[in-house]
Amino acid sequence: MIVTLVHVWVKTEFINEFIQCCIENHIESVKEKGNLRFDVLQDSSDPAKFVLYEAYESEEYAQAHKQTPHYISWRDKVAGWMAKPREGIKHTIIYPLNKTEW
């Protein structure tokens with residue numbers, strides 16, 4: 001299992017639009033085969049800072065996510081709204097290892 005934390009800094013004038021696009025992406029992402037979680041988090045001290053918490057059963061499922069129409073739509077819509085390039089940092093799940101516990 002793999003988790004990617006995607007750190008995103010959004011231009012303040014696009015925060016609301018960014019949130020809406022992330023919600024739309026979340027709704028479709030959690031339907032994907034191999035998806036364990038897809039959370040959209042906003043920094044409580046900096047409303048322009050977000051973290052997308054993406055958990056998949058394997059690297060193959062995580063890569064397949066990047067080929068989906070909803071991801072491509074999200075990527076293209078939000079690209080100009082970012083204050084700086086997003087940073088995706090991969091993590092390995094230590095616990096729980098049983099996906100039924102997610």
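Which elements each supply at least two residues of the lining of the largest pocket? In this predicted model, they are E1, H3 and strand E4 (82-92). The legends below start with that pocket.

**View 1. The largest pocket and its lining.** The space in the largest pocket is about 150 Å³. Strand E4 gives the largest share of the lining, four residues. Residues lining the pocket include Thr4, Val6, Tyr71, Trp74, Arg86 and Lys90. By type, the lining consists of five charged, three polar and three nonpolar residues.

**View 2. Helix H1 along its length.** Helix H1 runs over residues 15-29, 15 residues in total. From first C-alpha to last, H1 reaches 20 Å, close to the 21 Å expected at 1.5 Å a residue.

**View 3. The buried residues of H1.** Ile15, Phe18, Cys21, Cys22, Asn25 and Ser29 are the buried residues of this helix. They lie on the same side of H1, because the arc they cover around the axis is only 125 degrees.

**View 4. Ile19 in helix H1.** Ile19 is also found in H1. Apart from neighbours within four places in sequence, Ile19 is in contact with Gln42 and Phe50.

**View 5. Ile19 and Tyr61.** These two residues are 42 residues apart along the chain. A distance of 24 Å separates the C-alpha atoms of Ile19 and Tyr61.

Technical notes:
Residues are numbered from 1 along each chain as its sequence is written. This is a predicted model: local features need pLDDT of at least 70, side-chain atom pairs count only at pLDDT 80 or more; totals for chains, interfaces and linings use all residues. Side-chain values use heavy atoms; hydrogens and water are left out. The expected span of a helix is 1.5 Å times one less than its number of residues. Buried means under 20% relative accessible area, exposed over 50%, partly exposed in between (1.4 Å probe, protein chains only). The arc is that of the directions from the helix axis to the C-beta atoms. Contact means heavy atoms within 4.5 Å. On a 1 Å grid over the protein atoms alone, a cavity is a set of points where a 1.4 Å probe fits but cannot get out, and a pocket is an open set with protein on both sides within 12 Å along at least five of seven lines; lining residues have an atom within 4 Å of a point. Grid points are joined across faces, edges and corners, and a volume is the space filled by probe spheres set on the points. Ala, Val, Leu, Ile, Met, Phe, Trp, Tyr, Cys and Pro count as nonpolar, Asp, Glu, Lys and Arg as charged, and the others, Gly among them, as polar.
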